[in-house]
Amino acid sequence: MLGLSANNGTIAATPHEPADFVGTTTPFASHAIYFVVTDRFVNGDPSNDHRHQGGAHPTFDIPVHGPNGQTANIGYLGGDFKGVLENAGYIRGMGFGAVWITPIVDNPDQAFTGGDPVKWGSTLTDHGKSGYHGYWGINFYRVDEHLPSKHLDYAQFTHGMHAAGLKVVQDIVLNHGSPAFSMPVKQPQFGQIFDANGKLIADEDNLPPWKLDPVKHPLQRFYNAWPDLAQLSNNNDQNPAVLKYFVGAYLKWIGEGADAFRIDTMNHMSTRFWAKFAAAIHAKHPGFFMFGEAFDSNVDNLGKYTWKSGGSMSLLDFPLKDAMRKVFEHPHSDFGTLQAALYLTNGPYANPYRLVTFYDNHDMKRLDASDNGFIDANNFLFTARGIPAIYYGSEIGFERGKGEHQGNRNYFGQKRIDAASKSPIYQHLKRIAQLREHTPALQRGLMLVEHMKGDQAAFYRVLQHNGTHQIALVLLNKADEAADFNVTQYLQAGDWKAAMGGNDVAVPAHGVLHATVPAHGVRVYLLNAVARQPDLVAALTHLMNERGHPSGVYTH
């Protein structure tokens, strides 16, 4: 296979293939992901806002007031499919190949009257909150009425996104439905689940889980008899009917154009359940990409979901996220903090290169960094191993440092999108994301660290697979002044092309690649050749032999 480098040079191929050096062959690894909370992105169609929905418990525009005039919101604000589709060019133009949207399924039509009151900065508090976010499903076969427009249902939306060059990552929930108990008076739809025909198949009946009686009441068999998150219903992963219901629902959305799934609260259900779910999806759609949220930074608790026994899933990389925040929120921090979190050999994962990497999202505080901190974070995120995901607004440092009920999910809007190109964060993100988009080694290559210490990082990404031969050398500098790099380790002789900044460098045998990297800058050099340098080949061979868990389980 031939490909183009970022500097339009062809990638060399040879008649007789040398050994494979590849991090992942997963096709989705080619696509950086832009994540939007759909309701909070852009209101493309005010006619679907349902501003008067909810009666005595309205659901639209419910502000949460904080200090110094700050506000968050727990009501719907109007974002919809049209708002995302009309800005597909904006997202694609930054270098993203996929858009992850929040759940599309039907949510309750009222604000929740149970639970604990929402206060500024509170977590897992839902009193007075609406299902604007989509995670309170009541019918997983129907689209929530706030999202589609005339002539723009879900299938038409995904078709439009594909036409714009973007894959659709659909956020899905299987662990829970809507808030199910603690209401002063039972509200319609809460704690209930309906099938594709609108028939009620599950009802917690406003009872706390420990009072459920599935023997006497069949509608309570869908749920576990113990609480999980706040007052949310807790679906019983031991009940075959639960698996059947969700497999059917999510096969429906694949049939309407979903290209991948992000799975919410994966670690709240058993690996046996996920293995069955993955098998059912892959029986109809082999290779369909799925990554889960196991909200846990303990790597010993995470790897099991990536093995065959857990469905061979990918994951959001929480341990690397923690390391990134330690490094990029704090000037003069140590790049070496990141190296330990990469788990490039004998780590807990079946394949670390398939993980989705990120530094913040809707369930935590946004990155609390300076503009330079965001620039440095993105330079690393888009050149290191994994599939990068960026939360909407991070391209301009939107609501930095804010948690869920402090503005983390505030409305973005068309005006901010139209002005985004003025932000230095946006400008640098676009450059590095587009470089990754056109550089196969940065998408799928092995990662070999030359050094990561202090304000400097130097590493190789090497892809040698199916006729593609590309070696990328990445140099990162997060200091406030320019830094000189002199690279000799693993350095192969040849004509290294400057893919980002600097000049081309001809490296002789046993030579040195010297480069000056500007403050908060990045240099990337490409050598489109088969790896032959002895220490490089030896190191890459070691990475290939130990790229997955010592159990020997490896997922491409």
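Guide: What follows is a tour of α8 and the spaces in the model. This is a predicted model, with pLDDT of at least 70 needed for local features and 80 or more for side-chain atom pairs, while totals for chains, interfaces and linings use all residues. Numbering starts from 1 along each chain as its sequence is written, and side-chain values use heavy atoms, leaving out hydrogens and water.

Confidence first: the chain's mean pLDDT (the predictor's confidence in each residue, 0 to 100) is 95, and 96% of its residues reach 70 or more. Residues 1–15 stay under 50, although the model gives them 42 contacts beyond four places in sequence (contact is heavy atoms within 4.5 Å).

Now to α8, which spans 371–381 (helices are DSSP runs of H or I, at least four residues, numbered from the N terminus). α8 packs against α10, residues 424–437, at about 10 degrees, with the axes 9 Å apart (axes are lines fitted to C-alpha atoms over the stretch in contact, and angles run from 0 to 180 degrees between N-to-C directions). That makes the two helices roughly parallel, a label for angles under 35 degrees. On the α8 side, the residues are D371, F374, I375, N378 and N379; they meet P424, I425, H428, L429 and I432 of α10. The contact has six nonpolar, three polar and one charged residues (Asp, Glu, Lys and Arg are charged; Ala, Val, Leu, Ile, Met, Phe, Trp, Tyr, Cys and Pro nonpolar; the others, including Gly, polar).

α6 (318–328) joins α8 in supplying at least two residues each. This pocket holds about 190 Å³, and nearest its centre, among 17 lining residues, are H330, P331, D376, K478 and H520. Its lining comprises five nonpolar, seven polar and five charged residues. A pocket is an open set of points on a 1 Å grid with protein on both sides within 12 Å along at least five of seven lines; lining residues have an atom within 4 Å of a point. Volume is the space filled by probe spheres set on the points.

For context, the largest pocket has about 630 Å³. L124, L229, D363, E404 and R409 are the closest to its centre of 29 lining residues, which split into eight nonpolar, 13 polar and eight charged.

Note on methods: 1 Å grid on protein atoms, 1.4 Å probe; cavity = no way out; pocket = protein on both sides within 12 Å on 5 of 7 lines; lining within 4 Å. Parallel < 35°, antiparallel > 145°, perpendicular 65-115°, else oblique.
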